[in-house]
Amino acid sequence: MKILISDAFDKSLPQKLARFGEVTDDKSQLPESNVVLVRSKTKCTKEYIDGAPNLKLIIRGGVGIDNIDVEYAKSKGIQVNNTPAASSIAVGELAMAMIAAIPNRIIEGHTTMLQGRWAKKELKRSELYGKTLGLIGAGRIAMEVAKRANAFGMEVIAYDPYLTEVDHATLVPLDEMLGKADIISLHTPVTPETKGMMNAEMIAKMKDGVIIVNTARGKIVNEQDLVVALREGKVRAYGTDVWFSDPPPEDCPLLTAPNVFMTPHIGAQSKENLLRIGDEVERIIGEFTKK
Ligand code: NAD
């Protein structure tokens, strides 16, 4: 069996997988490969899959499989797996870090100090304690965030039309959540329903001065509408790890809008998570070879 590691995984992975056959990171060996391991960089389009006549298994190390044409892969008899549970803690911690850092003005404190300014008077913080966190999507990552927010003394409410009960938050209708939350954190996949859902109409239903955090997907947000709301102060701040495309184009309006706090899609990039993903990949290939 030939295994092609096409994107960045933990450096221990080739050794872990050696018992299954030949492991390579040489992308020119795609035509002979039986298993391809991708994260988000490699796009497994129709053309990519057509260039891999020996492919039997694609593993996406991570959650979202929007970089894989799953239907087409399946039509060619190729199994597609992801590692959905591995990244929940890593992404949940990043979301919580943004939720804590933005109202506590940590990033502005740091950047104004770097500029040689002593902004003590202008940097008024607000506490998380007693505030309401609204989650859109109440799956694995959202619940990791909810547990941490509960520990800060926040009330956690969530909107998820596909769930009837969750452990660490109170499920409420969307409009109720939008009207009550001081901070809103996005945790849905991109679907026809969620694409662009965070638009002017939705933002108008939120509290004035709301903070929005997005560690899910850039495409959930209507960038133009959000930038208007940031300029008007309706949205106090937007913390985002995710972009319409990776990296965002130079003219992405969010890059120059006020009060946007950004990271370059590092939600799944903790070293612990990369090890967890490696363990999952090993398990999936192990089960695949037993078939
Ligand atoms: P999950 O499947 O456990 O949870 C997603 C939840 O969204 C589900 O409970 C589902 O019912 C809900 N949902 C679907 N459509 C909805 C809608 N219209 N309104 C409200 N809720 C809706 O997934 P997860 O593991 O929690 O991951 C969530 C998302 O996080 C992924 O889809 C992925 O896009 C993103 N993610 C980002 C990173 C990163 O690096 N920043 C890493 C991993 C995952």
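Predicted model: local features only at pLDDT ≥ 70, side-chain atom pairs only at ≥ 80, totals over all residues.

Below is a short tour of a helix pair, a pocket and a loop.

Start with helix α4, which covers residues 88–101, and helix α6, which covers residues 140–151. Their axes come within 8 Å and cross at roughly 50 degrees. The crossing itself is right-handed.

Who touches whom? On the α4 side, the residues in contact are S88, I89, V91, G92, E93, A95, M96 and I99. Across from them, α6 brings in R140, I141, E144, V145, R148 and A149. Sort this contact by residue type and you get 8 nonpolar, 2 polar and 4 charged.

## The second largest pocket

Next up is the second largest pocket, with a volume of about 180 Å³. Its lining is made of 13 residues, and S126, K131, D182, G209 and I211 are the ones that lie nearest the centre. By type, the lining splits into 6 charged, 5 nonpolar and 2 polar residues.

Most peptide bonds are trans, and most residues other than glycine have a negative phi. Now look at the loop between β11 (235–240) and β12 (260–262), where P247 sits. The peptide bond leading from D246 into P247 is cis, with omega near -15 degrees.

N259 is also found in the loop between β11 and β12. N259 isn't a glycine, yet it has a positive phi of about 60 degrees.

How values were computed: Residues numbered from 1 in each chain as written. Heavy atoms only, no water. Axes fitted to C-alpha atoms, helices over the stretch in contact; angles between N-to-C directions. Helix = DSSP H or I, 4+ residues; strand = E, 2+ residues; numbered from the N terminus. Left-handed = near helix turned anticlockwise from the far one by under 90°. Contact = heavy atoms within 4.5 Å. Nonpolar A, V, L, I, M, F, W, Y, C, P; charged D, E, K, R; others polar. 1 Å grid on protein atoms, 1.4 Å probe; cavity = no way out; pocket = protein on both sides within 12 Å on 5 of 7 lines; lining within 4 Å. Points joined across faces, edges and corners; volume = space filled by probe spheres on them.
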